[in-house]
Every structure is written in C-alpha cells, then in structure tokens.
Amino acid sequence: MTKIGFIGTGNVARAVATAAAAAGHDVVFGSRDPAGRTDLALPVVSVADAVAHGDIVVNATPGTVSLDLLTPLRAQLAGKVLLDIAVGMTETWELAHPNSSIGEQIQEALPDTKVVKTLVTMDATVMVDPGSLTEPGTVFLSGEDAEAKRVVAALLGDLGWPEESRLDLGGISTSRGQEHLALLFVGVAGAIDSHAFNFHVVRSAGTPGQ
Ligand SMILES: NC(=O)c1ccc[n+]([C@@H]2O[C@H](COP(=O)([O-])OP(=O)(O)OC[C@H]3O[C@@H](n4cnc5c(N)ncnc54)[C@H](OP(=O)(O)O)[C@@H]3O)[C@@H](O)[C@H]2O)c1
C-alpha cells in the first residue's frame, strides 16, 4: 500500500485515483477548492496537504499551469516521486511547449524531486483499463531516477499494465516525445472517432524476447 496524493480533481485524477484506491493504495485528492469538490468518493484536501500525504504525488493538472503550481512546493516535494501525466496544450490544441516538455521543466524546477512521466499518451479511460482494448499496447516511462521508475512501474502494474507493455524510454528529456505524441493522438482520435485506443510499439520478428 502506497500513499498517493493527486494534484487535480479532473478526468485524469478521478480515473487514476479511483483505480489506485481500488488496488489498495491510500489515496487523497488535492484541490484548489477542497470544500467545493463534494462529488468525490475519496478524501479531498488542499494541494499542499495532498503533497504532504503522498509518497507518490501525481500531477494531473493542465500542463499550461503545472509549473506555476508546483514550483512553490519545491521543499514539500523534495525526495518524493512525482508521477507527471500533464501535457501542455493550447485552447486550439497546439503544443504549449513545442521545443520542450512540461516534464523536463518540472524536473529542472524541482531538482530534488524524482519526476517520472508516464500514461500521457492515452485517454484517461485507457490509463486505468488497458484490458478494455484488444491488447494493452505500450505505456512509456521517462525519468532520471531508476528506483522512482520502478515504483511507478509497480503502480502501473496495479492499474492493469502488464510488464511487457511498459517501455522505459530513458531520462526525463524523453518526456518530450511522450507529450508531443498528443498531436498524433488527436489526429488518430479524429480518424477513428474514438479516444479508446492506444499506441503499440512492435519490433522486428527477429528481436530476442519478442
Ligand atoms: N483527459 C485525458 O484523457 C488526458 C490524457 C493524457 C494526458 N492528459 C493530461 O492530464 C492533465 C489533466 O487532464 P484532465 O483531463 O484531468 O484535466 P481537467 O479535467 O481539466 O482537470 C485538471 C484539474 O487540475 C486542477 N487545476 C489546478 N490548477 C488549475 C488551473 N489553473 N486551471 C484548471 N485546472 C487546474 C483542477 O482541480 P481543482 O479545480 O480541484 O484544483 C482540475 O480539475 C492535463 O495536463 C492533460 O493534458 C489528459
């Protein structure tokens, strides 16, 4: 059982927090307006209290505001794993960080926090129910700290992601590719008229272990 504090009470936070709680984790939501979030089945506290609660803190806020929100919490987030699901998209669905990524920017602003970017390349419904697809596809991980990625990978397992579906891309600079895949996500979603899909990395038939 891991203590997990979610920042945000939107679609992603609700889906992942509910699934994490169902898997036995000790979950709270952190909101700008805890008293106003009366429709949630799990505890809702302030953002600062959610950060204090979590051994894992999940950033499920708009990528356009995440940095401003998290930077003042640098001391409270020191030493913690920050599972970052944010993407910065403009109102017209363009990348807000076309030459960077919010994952990299958060890691730079919070050098004592172990940022792991994952789950960002799919819809919230698929994040917590990969088994609903014909096959799970691939979930990517990016981050500097190997142990933090192991912790997050274990949580992914609890959410239904088989070990063979998880692909460690390397350091936090690789979060840029994950975030920028959002453009392709939007294109595919339009083409198939559904958000219920995932990307799947397939390898050469001759690749060992495949
Ligand atoms: N939806 C998806 O399927 C999906 C897929 C991949 C990635 N993402 C990324 O995941 C993140 C969360 O997405 P979402 O769909 O859950 O978004 P959302 O429904 O808009 O929820 C975002 C939450 O962030 C909190 N927040 C804190 N500061 C905020 C601010 N200044 N403006 C607006 N909200 C603020 C809000 O909670 P309080 O009001 O309670 O503080 C809000 O409920 C985004 O970065 C998104 O790009 C989403």
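This note walks through a predicted model, point by point.

1. **The ligand shell.** Start with the ligand. Which residues come nearest? Of the 23 residues around the ligand, they are Gly8, Gly10, Val12, Ser31 and Ala86. Helix H1, residues 11-22, gives the largest share of the shell, with 3 residues. Sorted by class, the shell has 12 nonpolar residues, 7 polar ones and 4 charged ones.

2. **The nonpolar core.** The largest nonpolar core has 49 residues. Phe6, Val16 and Val58 touch the most other members of this core. Here too, look at H1: the largest share of the core, 6 residues, comes from this helix.

3. **Val16 in detail.** What does Val16 touch, once residues up to four places away in sequence are not counted? The list is Val58, Ala60, Met127 and Val128. Val58 is also, like Val16, among the core residues that touch the most other members.

4. **Thr125.** Thr125 lies in helix H6, which runs over residues 124-127. Leave aside neighbours within four places in sequence, and Thr125 is in contact with Ala15 and Ala196. Now take Ala146, 21 residues from Thr125 in sequence. In space, the two are 27 Å apart, C-alpha to C-alpha.

5. **H5 against H8.** Helix H5 covers residues 102-109, and helix H8 covers residues 175-192. The two pack at an angle of about 140°, and their axes are 7 Å apart. That angle makes H5 oblique to H8. The cut-off matters here, because only angles over 145 degrees count as roughly antiparallel. Which residues meet? From H5 come Ile102, Gly103 and Glu104; from H8 come Ser175, Arg176 and Glu179. By class, this contact has 3 charged residues, 2 polar ones and 1 nonpolar one.

6. **His97.** His97 sits in the loop between S5 and H5. How many other C-beta atoms lie within 10 Å of His97? There are 19, so His97 is partly exposed. With neighbours within four places in sequence set aside, His97 is in contact with Gly88 and Ile102. Ile102 also takes part in the meeting of H5 with H8. His97 and Val87 are 10 residues apart in sequence. Their C-alpha atoms are 8.8 Å apart in space.

7. **Trp93.** The loop between strand S5 (81-84) and H5 also holds Trp93. Check the backbone here. Trp93 has a phi near 60°, a positive value in a residue other than glycine. Trp93 is exposed, because 9 other C-beta atoms lie within 10 Å.

8. **Asp193.** Asp193 is found in the segment after H8. What is its phi? The value is near 55°, again positive in a residue other than glycine. Asp193 has 6 C-beta neighbours inside 10 Å, so Asp193 counts as exposed.

9. **What to look at again.**

Notes. Residues numbered from 1 in each chain as written. Predicted model: local features only at pLDDT ≥ 70, side-chain atom pairs only at ≥ 80, totals over all residues. Axes fitted to C-alpha atoms, helices over the stretch in contact; angles between N-to-C directions. Helix = DSSP H or I, 4+ residues; strand = E, 2+ residues; numbered from the N terminus. Parallel < 35°, antiparallel > 145°, perpendicular 65-115°, else oblique. Contact = placed C-beta atoms within 7 Å. Nonpolar A, V, L, I, M, F, W, Y, C, P; charged D, E, K, R; others polar. Near = placed C-beta within 6 Å. Core = buried A, V, L, I, M, F, W, Y, C linked by C-beta atoms within 7 Å. Buried ≥ 20, exposed ≤ 12 C-beta atoms within 10 Å, placed from the backbone.
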